[in-house]
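Have a look at the structure first, then read on.

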Amino acid sequence: MKKTIITAMIAGVALAVAARDLVILHTNDTHSLILPDADGRGGVMQRKAIIDSVKNANKDVLLIDAGDKVQGTLYFKFFKGEVEYPLQNMLGVDISILGNHEFDNGLQSLADNERKLKADRLSSNYDFSGTPAEGLFSPYTIKHIAGKKIGFMGLNIDPESIISQANYEGMGFKNIIETANSTAEFLKNKKKCDLVVAVTHIGYTKGNDKTTDPELARASKDIDIIIGGHSHTLIDPKYPEKYPSIVENSEGRPVLIVQTGKSGKYIGQIRVDLDRLKSTTPADYEYSLIEVTDRFPEESLDPKIRKFLQPFTDSLENVKSDVIGKAAQDFINEGRTGAFPNWTADFGSWYGNLVLDSLRKTDPNIPELDFSIMNVGGIRNPIPRGTVTAGHILSTYPFSNRFVIMRIKGKDIIETMKVAAAKGGEAISHEVTVVCNSDRNVERVLLDMQEIDPEKTYTVGTIDYVAWGNDDMRTMANGEWIYSDEAEVCVPLIRYVKELTRLGIPMSADPRPRFIYND
């Protein structure tokens, strides 16, 4: 959108006056990436430098965060939000909503952390009545800028099978589309807002039966902009054919949808000409991505943030320098199948058998493990070839999950594999092969090259998150637990790498997919 020049008459003299712009900066799914990655991308101090630069150049700037500001590095693993939430205030976040990972340590921890925020905390479709988070969130907020009223609402994902149930116990959930439409109508017609913005953490791409941002846009009437998160989608206006940023609503009017990927490597920027709101549509708003790199010199970065971070960073150095093994190859998250998921699931097979061997000393009727299914979503960071530290494992598997061994019917396993196959795969150990057609429909599930019997009971190793039926693997919840670890799963993972090292074996994995998709 080109800058509009308005001709004004003051004391009979014509003056050129620049239009009044609102600049909305937005982030999502920064996932505790406090420091830049190995390529110098991301990092909170570089983000702060960009935000300050935009604010210095523009009068009206709002900073929005669309959730999942936590979980993914050692900063959250060890400090449980003591780093990310103060940093949100230092960055100057104006409006914040919840992602699903804000729930990872339960509602009490969520409430304790969110209470620290100076930003407007929004949630239109979560009901926290009777929980530790009661009274912390508002359904909407209205910003008055240059004589215009800008209404914002917060819309959160359906927690069922996404968030561990114990971590949101007592919280109510309201239908996303119904809540969005009623709130937007209220803001537009009752509160007379000139612009209505939905800040969401529901995702752009369709991976299950839950509502997405494009679906919300198509079902809406009064929403102008959707600032999204959750699916880690980089909506780049340079490539509209990949993830369109303009979607028509139920009345054929355009809605602008934006999202910045993950890990704070981009900041989104929406520029709205407030003087031309009535004569323009969201399709006319200027939307761009600002890449977060190391282009700002070190001496120009915020010294207050550096001073704040120093003690946290120093305390993590011992963990980062604790060498426990070597990796013979790069372990990189390249989708839902391949070396990294395979290695993770094979660890589950090794550890499950180790546990059952121990239990069998007191109960000879304990069965052997048939296979392991882990969670691709629980693999958060790459492990490069070479030296492996405890810090690598802790940051790669940061969640507070416990290893579980369960008995479960073949039919429930088959249904779980159907869900996994539709997504493109899952972390399953070497004993299992899932054969699918080109439409991702499962044709057969093989255990040691024999088809799984729907009526037979199998012994499976997994994590509690999966055993509860989360990540859409609902039928896993039909199993009977026979063992649950007390320690978080990262503890036996470190033990596994150390045992490999003792035997002179580096970390290595078969990259061949265990979900086979035939044409």
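Let's start with an open sheet of 6 strands, in the order E8-E9-E11-E12-E14-E13 and with mixed pairing; two strands pair if DSSP finds at least two bridges between them. Keep in mind that this is a predicted model, where local features need pLDDT of at least 70, side-chain atom pairs count only at pLDDT 80 or more, and totals for chains, interfaces and linings use all residues. Residues are numbered from 1 along each chain as its sequence is written, and side-chain values use heavy atoms, with hydrogens and water left out.

- (Strands are DSSP runs of E, at least two residues; helices are runs of H or I, at least four; both are numbered from the N terminus.)
- Strands E9 (residues 148–156) and E11 (residues 195–201) run parallel, joined by 7 bridges.
- Asn156 sits opposite His201 in E11.

**The cores**
- The largest nonpolar core has 89 residues, and Val83, Trp343, Ile393 and Met417 have the most contacts inside it. (Such a core is a set of buried Ala, Val, Leu, Ile, Met, Phe, Trp, Tyr and Cys residues joined through side-chain atoms within 4.5 Å; buried means under 20% relative accessible area, with a 1.4 Å probe and protein chains only.)
- Helix H8 (residues 339–359) gives the most to this core: 8 residues.
- Another core, of 59 residues, lies apart from it and includes Leu22, Ala111, Ile202 and Ile226.

Conventions: Buried < 20%, exposed > 50% of the residue type's maximum accessible area, 1.4 Å probe, protein only.
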